[in-house]
Amino acid sequence: MESGPPHLSPVPGTEAIPHHHPHPGVPGMPMPPQMMPMTTPVGLQAIYQACRRLYADQPNPLQVTAVVKYWLGGPDPLDYISMYSNPGDPNRGIPAHWHYVSFGLSDLYGDGRVHEYTGPEGPSGFGFELTIRLKKETGETAPPTWPAALMQTLARYVFQSGEESNQNVLCAGDHVSWHNALDSSESRIQHMLMAEDPLLQSILSPMGTINFIQIIGVTAEELQAAQRWNGPGILELLRNVPVAGGPWLLTDMRRGETIFEKDPQLQEVVERGIETEGSNLSGVSAKCSWEEMEESREEREESEETVRQRITPHESEQIKAELRRGLMGQHGSGAAGFGTGAGADLTDHVNHNTDRERKDSLSSSGSTEEVKPGELQRSQTMDAVHVKINKEAGTLLPLVMRGRLKHGRHFTFKDVSGNSAITFVSPRVMGAIADESHPYASRGPWLQVLIPEDFLEAVIKDLEELSNTEELEVPKQYRWREKGLTISVLPDDW
């Protein structure tokens, strides 16, 4: 993803306050379904009715509301967040919990004040609302409001991309790396996976379809497993461990054990999944750079009349566009998702998952507005390159080789400063500028490194020690002199 706005606090302050539904006639505040006049916005009414089918005994739930609505210039995109008390299902081991439901990512009003009306055939607004199921604390009688602040932050992230691109839409299987306890406590639950809400089914409003995407709090180890394998696979494991989510995927902020500590055999399930299915993570933001090795550069410069030392801003934008199109993927394209391997804002912390990956390609997917490869500056091949990458991202290199290239896919490290990008590619990737005759090729700041299949196993073996993050000491350098490839893994603050 492209770098986004200034850093967003994991659990920011909110300009929303909890309240009960007021009596009819109070401006700007919703009313319970049985009091709704005919003028109630139909999108709002559709979500209320879906909730009422689950909570007929709670027509007047507690609700967080934005003090100043987004469409009046306020900062919070969600107009309302309802909070229901759910008794769970003791017979299935599902504990009592709070169920939060957002209002505002879909089109509530149909009059263009927030979302463009496109008719009932497509998605309503962004096509989804967020939910969270938070396990109740012992003796807790009122729902905490921090989940509402979290939902507002995620909603702001979604709104950044706009409805035309839908680049930031959250779907089941996506994950968000957060690096802080979701409730700002000392909890191990510091990241999120996305799933379909188990009880709130998709609905069709007059403005289009609305899906309900549930946020599930997970540990760092569970997030890493989702990054290395895929989100849906980890969600299934969570469903089968009652204390880690269970069938309804509850978030328990007091959970002290990961699913792998609870059942060590689950780690083997993940490893087998990576080995047989590969990884759905196609890239991370990182601190990275690359340079042509001096002996290669001197030899090439002798044979060239001129060498372009820098690219123009226009060319830089073209390269970024091609990276977005060819490497990061979009929902529905079959391309895998993008995550983070360095500190960055929320835009670089969300990984979009897909469970159906097409044959990997770096070529155009058909948009009339896309940049054609020929429009970029000419490609340049090299005999030897030196890749430098920070430790956090570098620990993913074994996964890159084993979970991506071994399965005929590609993986990109995109520098957080936007100055460079490094894509490792398999010979089976279509549309790459690198090939087996010229395995190192660049186009401006974008380097492609092709690893032939007869070289891949040696690389996997040499880089495997990077998987042991607890004992890993950097800097480390790996050099395959006969192949002209050097990789340095450096401290995160280099």
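Val 67 lies in the loop between β2 (62-66) and β3 (80-86); strands are DSSP runs of E with at least two residues, and helices are runs of H or I with at least four, numbered from the N terminus. Val 67 counts as exposed because its relative accessibility is 54%, where exposed means over 50%, buried under 20% and partly exposed in between, with a 1.4 Å probe and protein chains only.

The model is a predicted one, in which local features need pLDDT of at least 70 and side-chain atom pairs count only at pLDDT 80 or more, while totals for chains, interfaces and linings use all residues. Residues are numbered from 1 along each chain as its sequence is written, and side-chain values use heavy atoms, with hydrogens and water left out.

Let us turn to the aromatic residues. The structure contains ten aromatic pairs; rings of Phe, Tyr and Trp (its six-membered ring) pair if their centres lie within 6.5 Å, and planes under 30 degrees apart count as stacked, over 60 as edge-to-face and the rest as tilted. Tyr 55 and Tyr 84 are stacked, because their ring centres are 4.5 Å apart and their planes stand at 10°. This pair links distant parts of the chain, 29 residues apart: Tyr 55 belongs to the loop between α1 (42-54) and β2, and Tyr 84 to strand β3. Both Tyr 55 and Tyr 84 are buried. Elsewhere, ring pairs join Tyr 48, Tyr 80 and Phe 103 into a cluster.

Finally, the chain as a whole. Its secondary structure comprises eleven helices and 21 strands, and 55% of its 494 residues count as buried.
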